[in-house]
Amino acid sequence: MILKPKGTYDIVGENSKYYNYIKGVFSTVCEYYNFNYIRTPIFEDSSLFHRSVGESSDIVSKETYDFKDRGDRSITLRPEGTAGVVRAYIENKMYGEVDQPIKLYYEGTMYRYERPQAGRYRELTQFGVEVLGSDSEIEDAEVISLAYRAFEEMGIEDVVVKINSLGDNESRDNYRKALVEYLKPHIDELCPDCKKRFETNPLRILDCKVDKDSPILKNAPVITDYLNEESKKRFNKVLEYLNVLDVDYEVDTSIVRGLDYYNHTVFEFQTEMEGLGSANTLGGGGRYNHLVELLDGPSTPCVGFACGIDRLMIILKEINKDREIKNSLDVYVLSVNEEERLTAARLVQDLRWSEIKCEMDTMNRSLKAQFKQADRLGARQLILLNSEDLKRGIITVKDNLTHEEIKIDEAEIIDYLISNL
Ligand code: HAM
């Protein structure tokens with residue numbers, strides 16, 4: 001038997017319900033916020049990710065799936081969605097469209113060669129949004145509030161928005177210098193990865209999972225003390241908008257993010273709920289005002305985020321939304337002989353065309369087994385067909401919660417069900 005590759009999993013059974021539910025909630029919320037759907041290729045020219053996500057990031061330095069295709073081109077399976085969206089924005093000249101900013105959402109699989117564990121996969125699925133073309137602080141707050149509303153809609157309550165500012169280039173450079181000065185005498189006390197980061201991207205040391213509780217990091221200088229006036233003003237404005245939009249947040253100066261393209265606002269959505277261990281970050285994002293230019297497009301301020309659908313699935317199962325998500329059938333039609341089955345087939349079709357979710361038996365089950373299947377599927381109403389009723393043009397409906405039975409004229413069955421679901 002051939003098995004699935006390490007770090008991947010099949011979305012089947014109850015996972016399919018959760019997966020579609022999460023995608024559905026995000027898409028609906030995005031449409032309310034006036035975002036449009038975009039789909040970009042799963043593989044892109046390798047240089048796209050090397051230039052955008054950054055050579056020094058963990059993702060590019062040790063996690064990408066790189067290969068040569070049959071035409072000897074260097075190809076990379078996308079490790080994240082932002083770079084592809086920016087490439088598409090430039091290639092499709094979206095910067096020239098009348099309605100700016102361009103607001104896009106996407107979902108799909110990404111590939112990172114990570115060590116698999118709970119909530120961490122090699123094939124992961126993200127849902128993300130990107131706003132391209134506006135430097136307004138309203139957009140920073142808008143994308144954060146969009147994710148916040150989606151979590152709320154899903155019933156995930158204890159999500160903390162952790163937010164920080166990396167400032168503009170000048171602030172970041174000043175901070176990097178101060179941090180390097182501070183860390184230099186302590187570098188031998190940090191983990192091997194941090195030693196490498198010290199050379200390539202010292203800010204990344206701040207979100208090291210190994211050294212996170214070390215007093216060296218706890219006493220390190222904080223970025224917010226190095227923001228110039230312009231950057232400080234900007235950050236405060238974002239927080240003011242978040243207050244107006246009623247989003248709870250915590251300023252956390254250890255949030256620096258693992259990708260190189262960010263400046264100004266950076267944020268993560270974290271949960272303390274069980275089941276995810278160290279993979280408790282449900283999503284993250286920030287502003288990236290220089291990426292479009294870096295990829296040879298016109299100077300374009302942007303902001304966005306992505307959430308891990310796989311992690312949201314684990315959380316939703318944990319908070320037990322089972323009945324609502326898993327068992328959602330409206331009607332089950334029971335039949336035992338051929339005459340009843342013919343009627344059932346027609347009735348099920350009529351109900352489905354009336355947007356009622358329904359099912360009937362196609363396995364020749366006994367009546368008792370059909371009742372059991374209806375329960376397993378969470379059917380709200382049962383239709384009990386019998387030859388006597390059919391001759392008189394009536395149908396028996398049983399409420400599967402209250403167990404009350406009622407006889408309805410066949411012509412009125414759809415109206416009755418619609419008002420009783
Ligand atoms: P990221 O922080 O690398 O950001 O990933 C976003 C989310 O994807 C994470 O918070 C996590 O929930 C999920 N994720 C990442 N790696 C894995 C994994 N191995 N297994 C399961 N889930 C995972 C980005 O990708 C940026 N493109 C976000 C962004 C959009 N920034 C601006 N716009």
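A salt bridge is a side-chain nitrogen of Lys or Arg within 4 Å of a carboxyl oxygen of Asp or Glu. This predicted model holds 29 of them, by a search of the whole structure. One joins the side chains of R287 and D140, with N and O 2.8 Å apart.

**The R287–D140 pair**
- R287 counts as buried, because its relative accessibility is 0%.
- D140 also has 0% relative accessibility, so D140 counts as buried.

**Salt bridges within helices**
- R341 pairs with E338, their closest N and O atoms lying 3.3 Å apart.
- Both belong to helix 13 (residues 338–353); R341 and E338 are 3 residues apart, about one helical turn.
- R341 is partly exposed at 22% relative accessible area, and E338 is partly exposed at 48%.
- K391 and E388 form a salt bridge at 3.3 Å, N to O.
- This pair lies in helix 15 (residues 387–392), with 3 residues, about one turn, between K391 and E388 in position.
- K391 is exposed, with a relative accessible area of 64%.

- Salt bridges with shared partners link D135, D140, R234 and R287 into one network.

**Nonpolar cores**
- The largest nonpolar core has 49 residues; V86, L132, L183 and I205 touch the most other members.
- Helix 4 (residues 82–91) gives this core its largest share, 6 residues.
- Leaving out residues up to four places away in sequence, V86 touches L132, Y288, L291, V292 and L295.
- Another core, of 47 residues, lies apart from it and includes V25, Y121, A150 and V161.

Methods: Residues are numbered from 1 along each chain as its sequence is written. This is a predicted model: local features need pLDDT of at least 70, side-chain atom pairs count only at pLDDT 80 or more; totals for chains, interfaces and linings use all residues. Side-chain values use heavy atoms; hydrogens and water are left out. A nonpolar core is a set of buried Ala, Val, Leu, Ile, Met, Phe, Trp, Tyr and Cys residues joined through side-chain atoms within 4.5 Å. Buried means under 20% relative accessible area, exposed over 50%, partly exposed in between (1.4 Å probe, protein chains only). Helices (H or I, at least four residues) and strands (E, at least two) are DSSP runs, numbered from the N terminus. Contact means heavy atoms within 4.5 Å.
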